[in-house]
Amino acid sequence: MGSVRKASAWLGLVDDSDDERYYDDDYAEGPEPGDSWVTDPRVRVADQAAQDQGTRIATVTPDGFRDARGIGELFREGVPVIVNLTTMEPADAKRVVDFAAGLTFGLRGSIERVANRVFLLTPADYQIVSGEAQRSIGGFFNQS
């Protein structure tokens, strides 16, 4: 299907009956009860272990803007999320940062840049403690 035909079908100008990927029965039913939306099985194992302990922090390295949904779902559950955008194209990375900023604003959380193209999203009930105040007092290895 050509790009003009796809755009016309998306706008509803032509019938898109030959493209059945939008009418998948499994997708219409949704996930089974108790299943969480996970793309990597290793994440599911870590998630289950963290739920047993009651604390979780998620690290997400999105490939594109389509992975923003996973960031939003984790954050809505009250999980702090570290978003690593170093592997993304600059335009897509900007879209993810804009999405994350809106997400944190809407849920009264906060967003903080941890490193170049790495951000920490924290829900409202978390407090970020900076180590810079302790450095100014004098560290353990202060020899003066």
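**Figure 1. The elements that cover the buried residues of α5 include α4, β2, β3 and β4.** The model is predicted, so local features need pLDDT of at least 70 and side-chain atom pairs count only at pLDDT 80 or more, while totals for chains, interfaces and linings use all residues. Residues are numbered from 1 along each chain as its sequence is written, and side-chain values use heavy atoms, with hydrogens and water left out. Helices (H or I, at least four residues) and strands (E, at least two) are DSSP runs, numbered from the N terminus. The buried residues of α5 are Ala 93, Val 96, Ala 100, Leu 103 and Thr 104. Seen down the axis of α5, these buried residues fall within an arc of 90 degrees, so they line one face of the helix; the arc is that of the directions from the helix axis to the C-beta atoms. On the other side of α5, Ala 91, Lys 94, Phe 105 and Gly 106 are exposed. Buried means under 20% relative accessible area, exposed over 50%, and partly exposed in between (1.4 Å probe, protein chains only).

**Figure 2. Strand β4 (residues 118–122) is largely enclosed by the rest of the structure, because five of its five residues are buried.** Val 118, Leu 120 and Thr 122 point one way from the strand, and Phe 119 and Leu 121 point the other way.

**Figure 3. β4 pairs with β2 and with β3.** Two strands pair if DSSP finds at least two bridges between them. β2 (residues 81–84) and β4 are antiparallel, with four bridges, and Val 83 stands opposite Phe 119. β3 (residues 110–115) also runs antiparallel to β4, joined by five bridges; Ile 111 has Leu 121 as its bridge partner. β3 and β4 form a hairpin with two residues between them, and Arg 117 in the turn has a positive phi of about 65 degrees.

**Figure 4. The largest nonpolar core has 15 residues.** Such a core is a set of buried Ala, Val, Leu, Ile, Met, Phe, Trp, Tyr and Cys residues joined through side-chain atoms within 4.5 Å. Those with the most contacts inside the core are Ile 71, Val 81, Val 83, Leu 85, Val 96 and Leu 121. At least two residues each come from β1 (58–60), α4 (68–76), β2, α5 (90–106) and β4, and the largest share, four residues, is that of α5.

**Figure 5. Val 83 has contacts that include Val 60, Ile 71, Val 96 and Leu 121, leaving aside neighbours within four places in sequence.** Contact means heavy atoms within 4.5 Å. Pro 62, Arg 117, Val 118 and Phe 119 are also in contact with Val 83.
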